[in-house]
Amino acid sequence: MDPSWCINVLKKVIGKHDASEIFNTDKGSKFSSSLFTDVLKAESIRISTDGKGRAIENIFIEQLWKSEYAYLNRAYGRIELYHGMKKYMEFYNNQRPHQSLKYQVSHSL
């Protein structure tokens with residue numbers, strides 16, 4: 001990935017879903033480049049970067065945003081996001097078959 005690819009994706013997302021208030025990422029060069037941060041600033045999006053050694057925390061949030069819920073649903077506020085994520089976590093933990101469980105759901109073990 002380079003900054004130009006990330007910028008194109010960012011612009012597509014903003015065009016489709018409007019700008020969010022905060023953009024959180026790691027301190028990778030593609031996200032910390034002035035080309036990328038200038039797009040965020042032009043949209044009045046606050047920039048939040050993870051601190052050094054936060055890779056373990058970043059894994060969880062990256063997987064969460066790659067989930068079916070985040071790609072297929074749009075929350076229009078914190079309360080809607082909270083309830084949507086709560087419902088998704090319930091589904092993920094108790095109803096979705098998991099590869100590591102030989103495609104069984106956790107409550108069937």
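Colleague: Leaving out residues up to four places away in sequence, what does L40 touch?
Modeller: L40 touches L10, F23, I45 and I47. Contact means heavy atoms within 4.5 Å.

Colleague: What are we looking at, and how are residues numbered?
Modeller: This is a predicted model: local features need pLDDT of at least 70, side-chain atom pairs need 80 or more, and totals for chains, interfaces and linings use all residues. Numbering starts from 1 along each chain as its sequence is written, and side-chain values use heavy atoms, without hydrogens or water.

Colleague: What is the mean pLDDT?
Modeller: The protein averages 79, and 78% of its residues reach 70 or more. pLDDT is the predictor's confidence per residue, from 0 to 100.

Colleague: Where is confidence highest, and where lowest?
Modeller: Helix α3 is highest, with a mean of 93. Helix α4, residues 55-65, is lowest, with a mean of 65.

Colleague: How many helices and strands?
Modeller: Six helices and two strands. Along the sequence the order is α-β-α-α-β-α-α-α. Both are DSSP runs numbered from the N terminus: helices are H or I with at least four residues, strands E with at least two.

Colleague: Back to the L40 area. Which residues make up the largest nonpolar core?
Modeller: That core has nine residues: C6, I7, L10, I14, F31, F36, V39, L40 and I45. The most come from α1, with four. A core here joins buried Ala, Val, Leu, Ile, Met, Phe, Trp, Tyr and Cys through side-chain atoms within 4.5 Å.

Colleague: Why does C6 count as buried?
Modeller: Because its relative accessible area is 4%, and buried means under 20%, exposed over 50%, partly exposed in between (1.4 Å probe, protein chains only). C6 sits in helix α1.

Colleague: T37 next. Buried or exposed?
Modeller: T37 is buried, because its relative accessibility is 11%. T37 belongs to helix α3, residues 34-42. Beyond its neighbours within four places, T37 is in contact with F31, S32 and I47.

Colleague: What share of the whole protein is buried?
Modeller: Of its 109 residues, 23%. The accessible surface is about 8600 Å², and carbon and sulfur atoms hold 55% of that. Areas come from the Shrake-Rupley method with a 1.4 Å probe; for residues, only the protein chains shown count as cover.

Colleague: Which residues form a nonpolar patch on the surface?
Modeller: W5, V9 and V13, together about 260 Å² of accessible area. Patch members have over 30% relative accessible area and no salt bridge; nonpolar side chains (Val, Leu, Ile, Met, Phe, Trp, Tyr) are joined within 5 Å, like charges within 9 Å. A salt bridge puts a Lys or Arg side-chain nitrogen within 4 Å of an Asp or Glu carboxyl oxygen.

Colleague: Where is V9?
Modeller: In helix α1, residues 3-17. V9 counts as partly exposed because its relative accessibility is 34%.

Colleague: Backbone now. What is the phi of S44?
Modeller: Positive, about 60°, although S44 is not a glycine. S44 lies in the loop between α3 and β2 (46-49). S44 counts as exposed, because its relative accessibility is 63%.

Colleague: And what about the phi of Y103?
Modeller: Y103 also has a positive phi of about 60° and is not a glycine. Y103 is in the segment after α6 (78-94). At 58% relative accessibility, Y103 counts as exposed.
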